[in-house]
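Student: I have a model open and want to go through its packing. Can we start with what a contact is?

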Amino acid sequence: MSALLPAWTDAEGAARVRALFADALGGEPDGVWAAPGRVNLIGEHTDYNDGLCLPLALPHRTFVALRARPDRTARLVSAQEGAASGAAGGRRAVREVDLDGVAPAGSAGAVDGWPAYPAGVAWALAGDGHPVPGFDVAVDSCVPYGAGLSSSAAIECAVAVALDGVGGLGLAGPDDDAGRARLAAACVRAENEVAGAPTGGMDQAASLRCRSGHALLLDTSDGSVTQIPFDLAAAGLALLVVDTRAEHRLVDGQYARRREVCESAAAALGVASLRVVADALAAGTTTLTEVLDRLADDEQRRRVRHVVTEIERVRALVDVLSAAPGAALTGTALAEAGALLDGSHASLAEDYEVSCDELDLAVTAARAAGAHGARMTGGGFGGSAIALVDAASAAEVADAVERAFAAAGFARPEFLVAEPAGAAAPVG
Ligand code: GAF
């Protein structure tokens, strides 16, 4: 039977980063903080179009043990870096960054590799006028790396709440959504400007603003959020995540290209963003055909069709979940939810062209094994898919996907179950 990737408990995660900290950096940290990865239920490639999306935080988190320093240096160590370079067993490499010398990606002084995320967060917070100190930090994570489950945002957000704690910024209170939105904005700047990935804001919002037991309806046009109760277990359902192991990367041209085409299409339509078009369609003041007929370029037409129909699917899924909460998600409502996931995948594969053979196989094999609906999740070009399944048949669906991958000669996928967890916070 396919094994499910377990999430670390607070105690397990804290013990790991404390041990790494003592070994690589020496002494005790000021504290331990953790931030979750996410899956997006629906609303893909909408966040940089002022659109809507509906992520939920995973129980899988990145842990950081952090100690403030009296200077402006960051010393950083990651258990994942050692593992990736085959250094497991030996002492991990400690990276050092001068926080006053952090420069935008691509320029002289740019920070190489994963330290760009934590250093970028300190840089962005300092740029917002917050008195962040230098720091020593040890990082370890059970969020699968390169799986499209927001491992980079989880590092950023764990460091953001840690710096909030040691710097006394007062922005990360559990009920301070406005403060958390400011931390999320700093994390987005870190990712866009220091790490050089031109992403939207969904992942950081999910990691900092989600609530346990809820999906987060994020309206990226104004940054507002609505907590949508999401209790699949009450209906005997589960959200199975298939990590295809086809590595997903955002710091390449494809994601940036999608974003540029959306922006040029909005300009050609004379609107500030494609959200304006989606809202006009929802209001019935125009039709999709009229909109698409105004675009001369076929690539623009297909990208626009995805974005505006995807925003509509987010609204539709929120309506279904609100009308049939918890145990009521059965029968027609369940079929509608599944069809919306399927529709999202088709649109992402055909119109947005961000799927790949592994993702397509994951969704078709899951559906064939009884999933009510399935779609790729996250940026695409590899990464993970989600399948809405009966909880009792999650293992069976996972086995079927694994067999299909073996038959196709793909790497063995990994699986986890997405139970909506809480946002970034101190641990113990
Ligand atoms: C990645 C990005 F980081 C997000 O901002 C979002 O655009 C997503 O891809 C696609 O919906 O996760």
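Tutor: Two residues are in contact if their C-beta atoms, placed from the backbone, lie within 7 Å. Keep in mind that this is a predicted model.

Student: Fine. Which residues does Val121 touch, leaving out those up to four places away in sequence?

Tutor: Val121 touches Glu156, Val159, Ala160 and Leu163, and also Ala186, Cys187 and Ala190.

Student: And the largest nonpolar core, how many residues has it, and which have the most contacts inside it?

Tutor: The largest nonpolar core has 141 residues. Val121 is among those with the most contacts inside it, together with Val64, Ala158, Leu240 and Ala387.

Student: Which helix gives the most to this core?

Tutor: Helix α4, residues 151-167, with 10 residues. As a general point, nonpolar side chains in soluble globular proteins tend to be buried together.

Student: Zooming out, what share of the residues count as buried?

Tutor: Of the 428 residues, 52% count as buried. Among contacts with a separation of 6 or more, 74% join residues 24 or more positions apart.

Student: Why does the radius of gyration agree with a compact globule?

Tutor: Because a compact globule of 428 residues would have a radius of gyration near 22 Å, and the protein has 21 Å. The C-alpha trace spans about 60 × 50 × 40 Å along its principal axes.

Note on methods. Residues are numbered from 1 along each chain as its sequence is written. This is a predicted model: local features need pLDDT of at least 70, side-chain atom pairs count only at pLDDT 80 or more; totals for chains, interfaces and linings use all residues. The radius of gyration is taken over C-alpha atoms; the globule rule is 2.2 Å times the number of residues to the power 0.38. A residue is buried if 20 or more other C-beta atoms lie within 10 Å of its own, exposed if 12 or fewer, and partly exposed in between; C-beta atoms are placed from the backbone. A nonpolar core is a set of buried Ala, Val, Leu, Ile, Met, Phe, Trp, Tyr and Cys residues joined through C-beta atoms within 7 Å. Helices (H or I, at least four residues) and strands (E, at least two) are DSSP runs, numbered from the N terminus.
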